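This report describes a sheet and the surroundings of a ligand. Please consult the sequence and the structure below while reading.

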Amino acid sequence: MTHPDFLWRNPDPRPAYDVVIVGGGGHGLATAHYLANNHGITNVAVLERGWLAGGNMARNTTIIRSNYLWDESAAIYEHSLKLWEGLSAELDYDLQFSQRGVLNLAHNLGDVREGRRRVNANRLNGVDAEWLGPEEVKKFCPVVNVSGSARYPVMGATLQRRGGIAKHDHVAWALARSADGHGVDLIQGCEVTGFEITSNRVVAVRTSRGRIAAGKVALAAAGHTSVLAAQAGLRLPLQSHPLQALVSELLEPVLDCVVMSNAVHVYVSQAHKGELVMGAGIDAYNSYGQRGGVHVIEAQMAAALELFPIFSRVRVLRTWAGIVDVSPDASPIIGRTPVDGLYVNAGWGTGGFKATPGSGWVYADTIAHDRPHPLAEPFALERFTTGALIDEHGAAAVAH
Ligand SMILES: Cc1cc2nc3c(=O)[nH]c(=O)nc-3n(C[C@H](O)[C@H](O)[C@H](O)COP(=O)(O)OP(=O)(O)OC[C@H]3O[C@@H](n4cnc5c(N)ncnc54)[C@H](O)[C@@H]3O)c2cc1C
């Protein structure tokens with residue numbers, strides 16, 4: 001991702017800020033944008049150890065949807081989707097947000113029951129959702145193989161028409177430009193290496209560019225959150241895994257929606273430029289290396305060919321991985337921590353791109369008022385001791 005540097009300043013860190021955000025990915029930048037825009041808090045630094053949005057923000061496959069199962073998830077992801085619907089205008093930047101529809105295919109009776117149940121749950125929550133039979137799937141997405149002789153026959157699909165994709169680099173640049181325009185310091189090449197905590201209150205961060213005092217510190221470090229939290233003495237229920245994706249060579253327009261399949265285990269869309277974009281689940285082991293096993297990529301391609309035999313001669317252009325932070329219930333962790341003034345926004349795992357504006361909105365509000373935003377409240381760290389888990393393994397499934 002090449003940076004259009006003219007979109008923001010490149011300041012040196014100042015000795016102190018009201019709020020220090022750790023991590024200059026989509027969530028950190030969105031938090032800075034909404035702290036300034038919604039709460040007038042601008043004495044803020046975003047500290048990024050690499051370059052802005054060089055982590056998962058640059059590596060994700062950009063699927064946006066809000067059709068999660070549980071009320072709490074539907075509320076926060078739908079809030080995010082509504083923000084997406086006005087975000088290009090709000091940021092005055094073409095984010096290439098394309099509501100082309102997200103299909104989730106059902107290949108067996110279990111899938112059908114789960115899909116129909118999710119459609120009903122979504123509708124009760126005001127989230128647009130439809131159930132399509134195989135012929136309707138074919139009509140909506142002609143290149144899907146719905147033939148009865150397929151190894152995994154398509155027995156129907158859920159459809160969220162308002163779901164789709166956006167261009168992630170544009171999203172990052174637009175949020176960065178907005179935050180910078182409000183006076184937020186975006187500081188690249190600045191790694192947070194520790195925290196100063198006095199009487200259980202965080203007072204400063206130690207960084208590769210010196211000590212920076214902070215009234216409040218907000219973690220937005222995705223796959224590296226548990227490492228950071230450990231430096232503050234906190235053990236978080238997160239596991240870091242590689243998540244891989246791949247793109248094909250450029251093709252003429254052939255696929256104008258997003259297709260996901262949990263059973264076959266792949267999802268495919270076509271980027272604005274023309275590449276087919278594919279991914280699936282995480283690599284099984286814990287790792288911080290931004291690469292993964294070749295067999296996982298092979299399985300993704302095999303699964304894609306089950307659904308789309310017409311792609312059999314398409315060549316792979318490149319593959320990559322990002323490190324995702326997975327929580328036990330496949331839901332995020334947002335809110336305060338046991339250390340005063342230290343906040344956490346993590347655990348978005350394989351599906352946090354879609355939440356970028358919604359997460360930034362509720363996190364900024366939580367930080368500004370030092371209490372959870374109502375949409376964030378169910379996602380507090382305490383749920384792992386109370387047992388009030390929000391199990392989205394089904395809706396997250398093939399992820400994204
Ligand atoms: C292959 C892949 C496909 C995906 N597909 C989708 C999808 O289709 N839809 C979807 O909704 N989500 C998807 N995701 C998930 C999504 O990308 C993430 O949930 C989301 O990007 C995480 O938030 P972020 O953008 O802030 O993370 P990041 O961009 O990773 O930002 C975190 C930043 O913190 C920085 N950092 C870490 N440690 C420190 C430190 N000590 N000091 C300073 N900075 C630090 C990192 O360098 C990084 O830039 C996908 C992820 C991957 C890897």
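The shell around the ligand divides into 17 nonpolar, 18 polar and five charged residues; Ala, Val, Leu, Ile, Met, Phe, Trp, Tyr, Cys and Pro count as nonpolar, Asp, Glu, Lys and Arg as charged, and the others, Gly among them, as polar. The model is predicted: local features need pLDDT of at least 70 and side-chain atom pairs pLDDT 80 or more, while totals for chains, interfaces and linings use all residues. Residues are numbered from 1 along each chain as its sequence is written, and side-chain values use heavy atoms, without hydrogens and water.

In total, 40 residues surround the ligand, each with a heavy atom within 4 Å of it. The table lists polar contacts, which are pairs of N or O atoms within 3.5 Å.

| Residue | Part of the residue | Distance to a ligand oxygen atom |
|---|---|---|
| Glu-48 | side chain | 2.6 Å |
| Thr-61 | side chain | 2.8 Å |
| Thr-62 | backbone | 3.2 Å |

The protein covers 96% of the 1,000 Å² of accessible area that the ligand has on its own, as computed by the Shrake-Rupley method with a 1.4 Å probe.

Eight strands form an open sheet of mixed pairing, in the order E5-E6-E4-E13-E14-E15-E12-E16. Strands are DSSP runs of E with at least two residues, numbered from the N terminus, and two strands pair if DSSP finds at least two bridges between them. Strands E5 (130–132) and E16 (316–326) each have a single partner strand, so one side of each is left without a neighbour in the sheet. Strands E4 (residues 102–106) and E6 (residues 156–160) run antiparallel and are joined by five bridges; in one of them, Ala-106 is partnered with Gly-156 of E6.

Definitions and conventions
Helices (H or I, at least four residues) and strands (E, at least two) are DSSP runs, numbered from the N terminus. A polar contact is a pair of N or O atoms within 3.5 Å; within protein, one must be able to donate a hydrogen and the other to accept it, and residues adjacent in sequence count only if both atoms are side-chain atoms.
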